[in-house]
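Welcome! Here is a short tour to read beside the sequence and the model.

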Amino acid sequence: MTLQAIVDKLGASVGLGADKLDMEVEHCFASDLMSDVLTLKDTPVLITGLCNVQTIRTCDMANLDVVIFVRGKRPTEDMVELADENGMVLICTQYSMFKTCGILYQAGMKPLY
């Protein structure tokens with residue numbers, strides 16, 4: 001599934017990385033616990049409601065390329081700047097984490113576990 005398809009299905013906005021929406025992704029992971037995120041391997045998409053600079057730092061450490069913020073959360077200027085330095089894509093949706101995961105699962109996105 002392309003990131004553009006994800007944006008369309010979630011009625012989302014792109015906070016950073018609009019030039020990368022043709023990227024294909026297959027798996028995603030949803031969590032607000034950054035300690036769980038640090039255990040991930042080769043997962044390009046994180047779905048989270050935790051919206052702070054530490055989220056971006058954690059994703060950088062875990063080599064995550066895409067963050068989908070749920071519940072209407074918007075990244076701060078500091079977050080966007082750090083994510084831009086690391087080549088990340090930031091997507092924002094109004095949906096809850098549960099609904100976001102359900103929509104993406106129904107559309108064919110695969111879970112890690």
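The sulfur of C101 lies 6.1 Å from the closest cysteine sulfur, that of C28, which is too far for a bond. This is a predicted model, in which local features need pLDDT of at least 70, side-chain atom pairs count only at pLDDT 80 or more, and totals for chains, interfaces and linings use all residues. Residues are numbered from 1 along each chain as its sequence is written, and side-chain values use heavy atoms, with hydrogens and water left out.

**Cysteines**

- A disulfide is a covalent bond between the sulfur atoms of two cysteines.
- Here the term stands for a pair of cysteine sulfur atoms within 2.5 Å, and a search of the whole structure finds 0 disulfides.

- Helices (H or I, at least four residues) and strands (E, at least two) are DSSP runs, numbered from the N terminus.
- In what order do the strands of the sheet lie? The open sheet has 6 strands in the order β1-β5-β4-β3-β2-β6, with mixed pairing.
- Two strands pair if DSSP finds at least two bridges between them.
- The edge strands are β1 (13-16) and β6, and each pairs on one side only.
- Strand β2 (residues 27-30) runs parallel to β6 (residues 110-111), and 2 bridges join them; H27 stands opposite K110 in β6.
- β2 also runs parallel to β3, joined by 3 bridges, and the bridge partner of A30 in β3 is I47.

**Helix α1**

- Which residues of α1 are buried? They are L3, I6, V7 and L10.
- These residues lie on the same side of α1, because they cover an arc of only 100° around the axis; the arc is that of the directions from the helix axis to the C-beta atoms.
- The buried residues of α1 pack against β1, β4, β5 and α5, where contact means heavy atoms within 4.5 Å.
- After α1 comes G11, whose phi is positive, near 55°.

**Helix α3**

- In α3 (residues 53-61), the buried residues are T55, I56, T58 and C59.
- Their arc around the axis is only 160°, which puts them on the same side of α3.
- The elements that cover these buried residues include α2 (34-37), β3 (45-48), β4 (66-69), α4 (77-85) and β5 (89-92).
- At the start of α3, a side-chain oxygen of N52 comes to within 3.0 Å of the backbone nitrogen of Q54.

**Nonpolar cores**

- A nonpolar core is a set of buried Ala, Val, Leu, Ile, Met, Phe, Trp, Tyr and Cys residues joined through side-chain atoms within 4.5 Å.
- The largest nonpolar core has 19 residues, and I6 and I68 are those with the most contacts inside it.
- At least two residues of this core come from each of α1 (3-10), β3, β4, β5 and α5 (97-106).
- Helix α1 gives the most to this core, with 4 residues.
- A second, separate core has 18 residues, including L40, A62, V67 and L82.
- Leaving aside residues up to four places away in sequence, I68 touches I6, L10, V45, L46, I47, T48, I91, T93, T100 and L104.

**Positive phi in the loops**

- N63 has a phi near 60°, a positive value in a residue other than glycine.
- N63 sits in the loop between α3 and β4 and is exposed, with a relative accessible area of 60%.
- R71 also has a positive phi near 60° and is a residue other than glycine.
- R71 is found in the loop between β4 and α4, where R71 counts as partly exposed at 40% relative accessibility.

Conventions:
Buried < 20%, exposed > 50% of the residue type's maximum accessible area, 1.4 Å probe, protein only. Polar contact = N/O pair within 3.5 Å; in protein donor to acceptor, adjacent residues only side chain to side chain.
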